[in-house]
Amino acid sequence: MKSLAELQAIKEKMKNKVVLREGTGDYRVVVGMATCGIAAGARPVLNTLVEEVNNSGLADKITVSQTGCIGICQYEPVVEVFEAGKEKVTYVKMDADKAKRVVEEHLKGGKVVAEYTISAQKV
Amino acid sequence: MKELSLNILDITENSVKAGASLTEIFIDESDEKLVLTIIDNGCGMTDEVLKTVTDPFYTTRTTRKVGMGLPLLKMEAEQTGGRLSITSKHVSADADNHGTTVCAEFNKNHIDFTPLGDVVSTITTLIQGHPDTDFFYRHSFDVKEVSLDTRELRAVLDDVPLNTFEVIKWIEDNLKEQYLEA
């Protein structure tokens, strides 16, 4: 059973890291989690992003957060990537597999996955 | 929604947006019924808003903060022969005792019952996105129950945030183990 003692151990381990983690993000990744996003499948997209970012050891550089309706409900699930000094990248119609690729190629490799962006969509 | 757990995620987001410091999520199941109750201590709604929140056509045009979430939940409850009720007290009516309670009753054996789905994922998603607010979750079936209280975890963690990856993983594993044993 996952005990509170184990949680205590996590706390001891993390305590020193906490200060370091705040405000050092290179990337900010935001997932739309309003009714439209959730209904379209945003929950597994968010959870995959959180998991993959941590598995890649990028947690100190990347924050993954949630927001409300971004306003383009027909393109949900939507993921926005913000990087200081660069234009925002908007990924649309995401799923867990696409999220994995975005972590691998964009957040890790620095190369935007152009085919998933909103500008690659046919109007 | 494909899963009731997604409705839970959606409705609880409203509670957080209403400024709730504590949101309680109860699922009470018997052989026949599933009752979902979400209680928050957020800012609540005035009687005028409360009257309109389950009407998608009226509400989306006038109060953009409401939208489709409650109408969807209402439809999903009623299509099983169940019902949705909402009570709310706005902060302007009572500064010390305000908030909203949403209660949805489902007949589980009805063919149109939306399955509960991955409720563990809903709880971890809520905590990941809102580490500074508290959630109490309790799922009871017959005599067994699964529960989680972020206030207890917070007491152990001190200032380590609840959305630390290792903590979220612990919560996920803890809930999964509780379900296995229940």
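Predicted model: local features only at pLDDT ≥ 70, side-chain atom pairs only at ≥ 80, totals over all residues.
**The interface between the chains**

Across the boundary between the two chains, 35 residues of chain B are in contact with 28 residues of chain A. Together the chains bury about 2,800 Å², and 62% of that area lies on carbon and sulfur atoms. On the side of chain B, the residues that lose the most area to chain A are B:Val156, B:Phe165 and B:Trp170, which together account for 24% of what that side buries.

Polar interactions also cross this interface, where 14 residue pairs are in polar contact, counting pairs with both residues at pLDDT 80 or more. The elements of chain B that each give two or more residues to the side touching chain A are helices H1 (4-17), H4 (69-78), H5, H6 (150-157) and H7 (165-181), and H7(B) gives the most, with ten residues. By residue type, that side of chain B divides into 13 nonpolar, eleven polar and eleven charged residues. The rule for salt bridges finds three across the interface of chain B and chain A, and the side chains of A:Arg43 and B:Glu3 meet in a salt bridge.

**Selected atom distances**

| Residues | Kind | Distance |
|---|---|---|
| A:Arg43 and B:Glu3 | salt bridge, N to O | 2.8 Å |
| B:Glu29 and B:His139 | polar contact between side chains | 2.6 Å |
| B:Asp149 and B:Arg151 | side-chain oxygen to backbone nitrogen | 2.9 Å |

Helix H5(B), which spans residues 119-129, is mostly covered, since ten of its eleven residues are buried; among them are B:Val119, B:Ile123, B:Leu126 and B:Gln128.

In H6(B), the buried residues are B:Thr150, B:Leu153, B:Val156 and B:Leu157. They cover an arc of only 115° around the axis, and therefore they lie on the same side of H6(B). The N-terminal end of H6(B) is capped by B:Asp149, through a side-chain oxygen placed 2.9 Å from the backbone nitrogen of B:Arg151, while the residue that follows H6(B) is B:Asp158, whose phi is positive, near 55°.

**The surroundings of B:Glu29**

B:Glu29 lies in strand E1 of chain B, which runs over residues 22-29. With a relative accessible area of 18%, B:Glu29 falls under the 20% cut-off and therefore counts as buried. Leaving aside neighbours within four places in sequence, B:Glu29 is in contact with B:Leu34, B:Lys108, B:Leu116, B:His139, B:Ser140, B:Phe141 and B:Asp142. With B:His139, the side chain of B:Glu29 makes a polar contact that joins side chain to side chain.

Technical notes. Residues numbered from 1 in each chain as written. Chains lettered and ligands numbered in written order. Heavy atoms only, no water. Buried < 20%, exposed > 50% of the residue type's maximum accessible area, 1.4 Å probe, protein only. Helix = DSSP H or I, 4+ residues; strand = E, 2+ residues; numbered from the N terminus. Contact = heavy atoms within 4.5 Å. Buried area = accessible area lost by both parts, 1.4 Å probe. Salt bridge = Lys/Arg side-chain N within 4 Å of Asp/Glu carboxyl O. Polar contact = N/O pair within 3.5 Å; in protein donor to acceptor, adjacent residues only side chain to side chain. Nonpolar A, V, L, I, M, F, W, Y, C, P; charged D, E, K, R; others polar. Arc of directions from axis to C-beta.
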